[in-house]
Amino acid sequence: MNNKLEALIDHTLLKPTAQKSDLIKLCEEAKKYNFASVCVHSTHIDLCQSILAGTNVKICTVVGFPLGANLTQVKTTEARFALERGAKEIDMVINIGALKDRNEALVFHDIKSVADIVQTHAAILKVIIETSLLTEEEKILACKIAKKARAQFVKTSTGFSGGGATVEDVMLMKKYAYPLEVKASGGIKTRAQALAMIDAGATRLGTSSGVEIVENKESDKAY
């Protein structure tokens, strides 16, 4: 197994049908392979916290997911509750419609408000820009706003909008969001895909196929 690769994986389970047994399995796998984190909905934080206590595996949760159209106050409240319950990383979805309207002030305020709360908890904020819904110009603008708002990462996708990570998008985001890091997420099912994203500049991978990737197996699971 490739320890470096394992340490870049956010072992992800965001399906609405996820049950307790699925979450237990996710966490046990994360402990076994020493993944960077488990990425789950906030309602599962307590369960994951109890299983992962005493390990290096962090709990990542999502905010404004998957559409990003929540009020900023809702996103900040959601983030605060998650952090208080033990989450160490927050993956938030931007207000996509506002970005497409070029309402930069709203998009910045939305991200910065969550970033401020995340920073008070010494946690990490990853900003999901949902690349499959954006033009290249919009992707660049989203990266610049996330950087200005002092996030730590930009992330390609939720995996719920008909498109996932591409090498080209990772390279573009790496260029325009620097020094922010890039999380590639959505549709990463194989070791070859994972390595291609890393080669393009990703320093974190969001996938539900982490076990298959580190064991060099193929997977037909959806994100």
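Close-up 1. Asp 91 is buried, with a relative accessible area of 0%, where buried means under 20% relative accessible area, exposed over 50% and partly exposed in between (1.4 Å probe, protein chains only). The model is predicted, so that local features need pLDDT of at least 70 and side-chain atom pairs count only at pLDDT 80 or more, whereas totals for chains, interfaces and linings use all residues. Residues are numbered from 1 along each chain as its sequence is written, and side-chain values use heavy atoms, with hydrogens and water left out. Lys 155 forms a salt bridge with Asp 91, with the closest N and O atoms 2.9 Å apart; a salt bridge is a side-chain nitrogen of Lys or Arg within 4 Å of a carboxyl oxygen of Asp or Glu. Because Lys 155 lies in strand β6 (residues 153-155) and Asp 91 in strand β4 (residues 89-93), the pair ties together parts that are 64 residues apart in sequence. Helices (H or I, at least four residues) and strands (E, at least two) are DSSP runs, numbered from the N terminus. Lys 155 also counts as buried, at 0% relative accessibility. Asp 91 forms a salt bridge with Lys 183 as well, the closest N and O atoms being 2.7 Å apart. This pair links strand β4 with strand β7 (residues 181-185), across 92 residues, and Lys 183 is buried, as is Asp 91.

**Close-up 2. The salt-bridge network.** Asp 10, Glu 89, Asp 91, Lys 126, Lys 155, Lys 183 and Arg 204 are linked in a network of salt bridges. The whole structure holds 17 salt bridges.

**Close-up 3. The pair Arg 102 and Glu 137.** Arg 102 forms a salt bridge with Glu 137, in which the closest N and O atoms are 3.5 Å apart. The pair links distant parts of the chain, with Arg 102 in the loop between α5 (96-100) and α6 (104-120) and Glu 137 in helix α7 (residues 136-148), 35 residues apart. Arg 102 is partly exposed, with a relative accessible area of 34%, while Glu 137 is exposed, at 53%.

**Close-up 4. The contact of helices α8 and α9.** The axes of helix α8 (residues 167-177) and helix α9 (residues 191-200) come within 8 Å and cross at roughly 25°. Helices α8 and α9 are therefore roughly parallel to each other, a term for angles under 35 degrees. Val 167, Val 170, Met 171 and Lys 174 in α8 meet Ala 196, Met 197 and Ala 200 in α9, contact meaning heavy atoms within 4.5 Å.

Notes
Axes are lines fitted to C-alpha atoms, for helices over the stretch in contact, and angles run from 0 to 180 degrees between N-to-C directions. Angles under 35 degrees count as roughly parallel, over 145 as roughly antiparallel, 65 to 115 as roughly perpendicular and the rest as oblique.
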